[in-house]
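This briefing is meant to be read alongside the sequence and the coordinates. Please keep both at hand while going through the points.

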Amino acid sequence: NREAYYTGYSPDFKLEMTATFLPFKIQNGQQFLIMVHSPATELLEIIKATRSTSFSFLLLFFVLSGALAWYFSQIITRPVLEIRKAALDIARGNFTTLADTNRSDELGDLARAMNILSVRLKSTLGSLSRANAELGSLLKQWKEFVADVSHELRTPLFLIQGYSEAISDNVVQDKEAKTEYLSVINKEAIRLQKLVNDLLAL
């Protein structure tokens with residue numbers, strides 16, 4: 001009561017044949033058996049052709065799937081790689097690399113934000129560099145100013161110290177010479193006071 005298949009040599013057809021047996025019943029209960037013969041070689045050719053066609057379609061499917069996967073990966077990964085490269089260049093201090101902004105999706109928004117950040121950082125670092133150069137120039141002028149002031153202050157201090165020690169140690173005993181030394185000390189003290197006042201007025 002079920003289908004059956006048989007493959008073997010048929011003396012009637014003198015060929016390798018494949019027989020298919022299909023039993024069925026009709027309404028009055030009678031049973032019939034349909035037997036279909038076909039050459040085994042033809043069936044094998046059909047199977048081979050079907051396998052070949054299936055293999056070709058399967059190969060074509062894998063090729064098309066690979067091509068589509070590569071295409072979509074390029075669409076998605078290429079802008080991500082460009083944004084990554086721009087971010088790495090920014091981290092290295094190179095602000096000339098800009099990401100592709102010819103997209104209207106989230107990656108395009110991210111690329112535009114990255115480019116704006118790069119431009120602003122470049123401008124900020126340029127301003128800081130100029131400010132640093134100006135600060136360096138000011139520090140140089142300040143050092144030169146301190147050196148000049150130190151020189152101007154040392155001269156009267158040395159004179160005052162030397163003349164006062166000479167008087168204190170009785171190196172100068174002549175009255176007129178002592179008066180002259182005291183005059184020099186007073187003169188240098190007035191000069192020193194004027195230098196200090198000038199510094200305070202800056």
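What follows treats the overall fold, the longer helical parts, the nonpolar core, the salt bridges and a surface patch in turn.

The model is predicted. Its chain contains three helices and three strands, and these elements are arranged in the order β-β-β-α-α-α when read from the N terminus.

**Overall figures**

- Of the 202 residues in the chain, 16% count as buried, while the accessible surface amounts to about 16,100 Å², with 62% of that area belonging to carbon and sulfur atoms.
- Among the contacts in the chain with a separation of 6 or more, 31% are accounted for by residues 24 or more positions apart.

**Helix α2**

- Helix α2 has 63 residues and spans 88 Å from its first C-alpha to its last, which is close to the 93 Å expected at 1.5 Å a residue.
- The buried residues of α2 include Leu 107, Gly 108, Ala 111, Met 114, Asn 115 and Ser 118, and also Val 149, Pro 156 and Ile 160.
- Just after α2, Asn 170 adopts a positive phi of about 60°.

**The nonpolar core and its surroundings**

- The largest nonpolar core is made of eight residues, namely Ile 83, Ala 86, Ile 90, Phe 95, Ala 99, Leu 107, Ala 111 and Met 114, and at least two residues of this core come from each of α1 (40-91) and α2 (106-168).
- As a general background, nonpolar side chains tend to be buried together in soluble globular proteins.
- Leu 107 is in contact with Ile 76, Pro 79, Val 80 and Ile 83, when residues up to four places away in sequence are not counted.
- Phe 95 is located in the loop between α1 and α2, and because its relative accessibility is 14%, under the 20% cut-off, Phe 95 counts as buried.
- Leaving out residues up to four places away in sequence, Phe 95 touches Ile 90, Ser 118, Leu 121, Lys 122 and Leu 125.
- Although Phe 95 and Asn 115 are 20 residues apart along the chain, their C-alpha atoms are separated by 8.8 Å.
- Ser 118, which is placed in helix α2, is buried with a relative accessible area of 1%, and with residues up to four places away in sequence not counted, Ser 118 touches Ile 90, Phe 95, Thr 97 and Leu 98.

- Glu 188 counts as buried at 9% relative accessibility, and salt bridges that share partners join Glu 152, Glu 188 and Arg 191 into one network.
- In general terms, an α-helix has 3.6 residues a turn, so residues three or four places apart point the same way.

**A nonpolar surface patch**

- Phe 24, Ile 26, Phe 32 and Ile 34 make a nonpolar surface patch of about 320 Å².
- Within this group, Ile 26 lies in the loop between β2 (15-25) and β3 (31-39), and Ile 26 counts as partly exposed at 33% relative accessibility.

Definitions and conventions:
Residues are numbered from 1 along each chain as its sequence is written. This is a predicted model: local features need pLDDT of at least 70, side-chain atom pairs count only at pLDDT 80 or more; totals for chains, interfaces and linings use all residues. Side-chain values use heavy atoms; hydrogens and water are left out. A nonpolar core is a set of buried Ala, Val, Leu, Ile, Met, Phe, Trp, Tyr and Cys residues joined through side-chain atoms within 4.5 Å. Buried means under 20% relative accessible area, exposed over 50%, partly exposed in between (1.4 Å probe, protein chains only). Helices (H or I, at least four residues) and strands (E, at least two) are DSSP runs, numbered from the N terminus. Contact means heavy atoms within 4.5 Å. A salt bridge is a side-chain nitrogen of Lys or Arg within 4 Å of a carboxyl oxygen of Asp or Glu. Patches are made of residues with over 30% relative accessible area and no salt bridge: like charges are joined within 9 Å, nonpolar side chains (Val, Leu, Ile, Met, Phe, Trp, Tyr) within 5 Å. Accessible areas come from the Shrake-Rupley method with a 1.4 Å probe; for residues, only the protein chains shown count as cover. The expected span of a helix is 1.5 Å times one less than its number of residues.
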